[in-house]
Amino acid sequence: MGFYVDSLPDFPWDTLVPARNRAAQYPGGVCDLTIGTPVDDTPAVAQRALAEASNAHGYPVVVGTADLQAAISNWMARRRGITSSVAILPTIGSKEMVGLLPSLMGYGPGARIGFPNVAYPTYDVGARLAGAEPVVIDTDADPASWPTDLDLLWLNSPGNPNGHVLGREQLRSIVAWARRNGVVVASDECYAELCWEGSESPSIIADDVCDGDVSGLLMVYSLSKQSNMAGYRAAWLAGDPEIITPMIELRKHLGFMMPGPVQHAMSVALADDDHVAAQRDIYEARRVKLLGALEAAELTNDPDSVAGLYLWVTSEGASSWDIVNACAELGIVVAPGTFYGEAGNGSVRMSLTAHDSAIDQACERLAFLPEVLKRTLHGIS
């Protein structure tokens with residue numbers, strides 16, 4: 001057991017405790033803009049469906065009910081342009097698949113797992129858990145510059161934390177590169193319904209990206225973000241049947257089954273686009289407010305941050321922790337970019353998943369940030 005713990009990176013959120021404690025001393029209380037857990041209600045349509053299926057006395061099936069398989073297929077065709085023949089595996093949230101995919105695929109010592117240089121830590125953890133070598137990749141760069149000896153490459157578009165999106169032509173280049181070099185590509189696309197400023201986020205297995213050939217390609221998706229169903233752990237893996245079919249057999253042995261009531265709630269939620277549009281409007285309003293406050297705070301959102309639930313913010317001459325500590329002085333907690341890799345230094349992540357009252361208070365307080373940050377940079381208490 002010690003091997004696994006010792007081989008994993010430190011849990012980054014623990015280092016934020018001093019900033020949280022400092023923020024808690026602010027007279028108006030804490031505005032927490034860190035963790036991206038939904039705060040708005042789960043849609044009534046999903047809650048009703050969960051209750052309808054609550055008499056779940058038997059074991060669920062690993063591959064999901066026929067209704068769930070159909071609901072996922074229909075949603076992917078309608079919303080993501082995916083109509084080719086793919087295997088679908090319901091998962092207990094998407095994070096478990098990010099963390100376990102290398103192990104489920106049989107990668108171990110000697111394997112090399114690539115993931116974005118600015119990324120949520122679980123991609124790294126999943127590689128280490130399997131005993132494979134984690135490899136940091138600038139997935140925004142030309143694939144010609146990437147190492148060709150990877151076994152698996154993770155993409156994350158829209159990206160957490162930076163909101164970057166890989167366009168259709170970029171994805172087509174990545175698919176061509178992967179096939180030339182025998183690399184499996186897994187794309188984490190959980191924020192795809194949350195695109196701003198006229199942007200769009202294509203799927204790696206969309207017909208017009210892979211030309212209907214999903215061999216060597218996988219997509220992970222979740223209802224946690226677009227449907228506020230994080231507590232349901234409702235997600236799935238889709239793509240190459242030759243990769244997913246053996247995983248289904250393995251998960252039967254392990255008992256990795258999405259609960260039956262959740263399967264029903266997921267089926268119903270996927271058929272209803274209205275609640276997703278309504279939630280998108282809520283997040284967009286919060287985003288507009290925070291973007292307006294950044295100017296007064298002399299902060300800049302990454303111009304390529306055009307999707308997802310976060311702003312990726314910098315201040316000229318300041319490190320990530322300079323901004324974190326200055327925000328804490330005003331009772332605002334944000335996440336340092338260093339949590340997401342060395343390439344994140346100088347940035348902080350601000351989440352849109354806070355109640356409107358917290359967003360409003362944070363916007364008011366940010367007007368005082370330039371003076372506080374100036375004191376922080378000069379070591380003046």
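Cys31 is buried, at 1% relative accessibility. Buried here means under 20% relative accessible area, exposed means over 50%, and partly exposed is in between, with a 1.4 Å probe and protein chains only. The sulfur of Cys31 is 9.1 Å from the closest cysteine sulfur, in Cys363, and that is too far for a bond.

A word on the model. This is a predicted model, where local features need pLDDT of at least 70, side-chain atom pairs count only at pLDDT 80 or more, and totals for chains, interfaces and linings use all residues. Residues are numbered from 1 along each chain as its sequence is written, and side-chain values use heavy atoms, with hydrogens and water left out.

Back to the cysteines. Cys190 is also buried, with a relative accessible area of 5%. Its closest cysteine sulfur is in Cys195, 13 Å away, again too far for a bond. How many disulfides does the whole structure have? The search finds zero. The cut-off is a pair of cysteine sulfur atoms within 2.5 Å.

Next, the cores. A nonpolar core is a set of buried Ala, Val, Leu, Ile, Met, Phe, Trp, Tyr and Cys residues joined through side-chain atoms within 4.5 Å. The largest has 47 residues, and Ile332 and Leu366 have the most contacts inside it. Elements that each supply at least two residues of this core include helix H2 (17–24), helix H11 (274–296), strand E11 (332–333) and helix H13 (356–366). Helices (H or I, at least four residues) and strands (E, at least two) are DSSP runs, numbered from the N terminus. Look at Ile332. Leaving aside neighbours within four places in sequence, Ile332 is in contact with Ala23, Cys31, Leu33, Cys327, Ala362, Arg365 and Leu366. Contact means heavy atoms within 4.5 Å. Apart from this core lies another, of 46 residues, among them Trp146, Met219, Trp236 and Ala265.

Now Asp188, in strand E6 (residues 184–188). A salt bridge is a side-chain nitrogen of Lys or Arg within 4 Å of a carboxyl oxygen of Asp or Glu. The Asp188 side chain does reach the backbone nitrogen of Cys190, at 3.5 Å. Not counting residues up to four places away in sequence, Asp188 touches Val98, Tyr123, Trp154, Leu155, Asn156, Ser157 and Val220.

Tyr123 takes us to helix H6 (residues 122–129), where Thr122, Tyr123, Asp124, Gly126 and Ala127 are buried. The cover over the buried residues of H6 includes helix H5 (95–104), strand E3 (112–116), strand E4 (133–137), strand E5 (152–156) and E6. After H6 comes Gly131, with a positive phi near 85°.

On to salt bridges. The count comes to 19. Asp32 pairs with Arg20, with the closest N and O atoms 2.8 Å apart. That pair links distant parts of the chain: Asp32 is in strand E1 (residues 31–32), Arg20 in helix H2, 12 residues apart. Asp273 and Arg78 meet at 2.9 Å, N to O. Asp273 lies in the loop between helix H10 (260–270) and H11, and Arg78 in helix H4 (residues 66–80), so this pair ties together parts 195 residues apart in sequence. Arg179 and Asp213 meet at 3.7 Å, N to O. Arg179 is in helix H7 (residues 168–181) and Asp213 in the loop between helix H8 (207–210) and strand E7 (217–222), so here the parts tied together are 34 residues apart in sequence. There is also a network: Asp40, Arg286 and Asp356.

Last, backbone geometry. Most residues other than glycine have a negative phi, and most peptide bonds are trans. Where are the cis bonds here? One runs from Ser157 to Pro158, with omega near -5°. Another joins Asn160 and Pro161, with omega about 20°. Pro158 sits in the loop between E5 and H7, and Pro161 is in the loop between E5 and H7 too.

Two glutamates have positive phi. Glu197 is at about 55°, in the loop between E6 and H8. Glu197 is exposed, at 56% relative accessibility. Glu298 is at about 60°, in the loop between H11 and strand E9 (300–301). Glu298 is exposed as well, with a relative accessible area of 57%.

How values were computed:
Polar contact = N/O pair within 3.5 Å; in protein donor to acceptor, adjacent residues only side chain to side chain.
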